[in-house]
Amino acid sequence: MPARARLEPHRGTQEQSDLEWLTNVVPYFERARAKTCVFVDYDNVMADPASELERMARGLGLAVDDKVRSEIRIYRDE
């Protein structure tokens, strides 16, 4: 039995999870389409935070100068 089904039996099937996701997320696609978006994978950020943070900044049109790179290194190292 999936973990979700053990926590909330009425929401435990994959079909129910997919329908819930569709109901709660898909309506916002139209609103998001007009915005600048960057998709972030948590595992990628943890594996290589400096590269991912620079990628996110570039994707959002933010300047990545020496000061930003310095701050990213601090984040990565701490």
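Guide: From the N terminus on, the elements run α-α-α-α-α-α, which amounts to six helices and zero strands. This is a predicted model, where local features need pLDDT of at least 70, side-chain atom pairs count only at pLDDT 80 or more, and totals for chains, interfaces and linings use all residues. Residues are numbered from 1 along each chain as its sequence is written, and side-chain values use heavy atoms, with hydrogens and water left out.

Visitor: What makes a stretch count as a helix or a strand?

Guide: Both are DSSP runs, numbered from the N terminus: a helix is H or I over at least four residues, and a strand is E over at least two.

Visitor: Why are α5 and α6 called oblique to each other?

Guide: Helix α5 (residues 49-59) and helix α6 (residues 66-77) pack at an angle of about 140°. Angles under 35 degrees count as roughly parallel, over 145 as roughly antiparallel, 65 to 115 as roughly perpendicular and the rest as oblique, and therefore α5 and α6 are oblique.

Visitor: Which residues make the contact between α5 and α6?

Guide: Pro49, Ala50, Leu53 and Glu54 of α5 meet Arg69, Ile72, Tyr75 and Arg76 of α6, where contact means heavy atoms within 4.5 Å.

Visitor: How much of the protein is buried?

Guide: Of the 78 residues in the protein, 15% are buried, a word that means under 20% relative accessible area with a 1.4 Å probe, counting protein chains only.

Conventions:
Axes fitted to C-alpha atoms, helices over the stretch in contact; angles between N-to-C directions. Buried < 20%, exposed > 50% of the residue type's maximum accessible area, 1.4 Å probe, protein only.
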